[in-house]
Amino acid sequence: YLGGFRYGKMNNLGKLKTARGDVMVGEYGEGGRWWPGERPLWSGRLNGDGVLRNKSSLETFEGQFVGGRFQGFGSLISANGDTFAGQFRDGVKDGIGIMEYHYGGRYEGYWSNDQRNGYGSMKWPNGDIYEGTW
């Protein structure tokens with residue numbers, strides 16, 4: 001860990017590289033720690049803007065964290081090349097956003113709990129378009 005400390009714990013702006021090779025650059029509050037198996041692999045201590053590069057899942061998230069989870073606006077690049085830019089709540093896509101799929105499809109619209117939900121439009125690589133409620 002390279003960054004600020006307060007009372008012997010990680011605090012303020014810093015960079016953490018785990019033994020697995022995951023890298024988090026951003027703001028830490030009250031000693032943020034790494035917990036395997038969670039998404040985004042951080043306890044409820046990480047707050048503020050930052051970048052998470054998860055070496056094991058090959059995901060990269062850039063945006064806002066609240067309580068150790070993706071929150072607010074951000075972008076997520078998945079291991080398969082899918083790219084999402086939009087709103088997150090409690091670590092999942094929730095709100096308005098744009099997903100560009102690795103196969104050439106594109107969805108613009110509303111999301112709820114990581115799923116397309118509400119009004120949106122989907123365009124497939126063959127030119128087909130659906131606009132409406134999901």
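I took a salt bridge to be a side-chain nitrogen of Lys or Arg within 4 Å of a carboxyl oxygen of Asp or Glu. The model is predicted, so I noted that local features need pLDDT of at least 70, side-chain atom pairs count only at pLDDT 80 or more, and totals for chains, interfaces and linings use all residues. Numbering runs from 1 along each chain as its sequence is written, and side-chain values use heavy atoms, without hydrogens and water.

**Fold.** I found 0 helices and 11 strands, taken as DSSP runs (helices H or I, at least four residues; strands E, at least two) numbered from the N terminus.

**Burial.** I called a residue buried under 20% relative accessible area, exposed over 50%, and partly exposed in between (1.4 Å probe, protein chains only). Of the 134 residues in the chain, 37% are buried.

**Salt bridges.** I searched the whole structure and got 4.

- R89 pairs with D94, with the closest N and O atoms 3.2 Å apart. R89 is partly exposed because its relative accessibility is 44%. D94 is buried, at 15%.
- K93 pairs with D114 at 3.1 Å between the closest N and O atoms. K93 sits in strand 8 (residues 92–100) and D114 in the loop between strand 9 (106–112) and strand 10 (115–123), so the pair ties together parts 21 residues apart in sequence. K93 is buried at 8% relative accessible area; D114 is partly exposed at 22%.
- E108 pairs with R106, the closest N and O atoms being 2.8 Å apart. I see E108 as partly exposed at 36%, and R106 as partly exposed at 30%. E100, R106 and E108 form a salt-bridge network.
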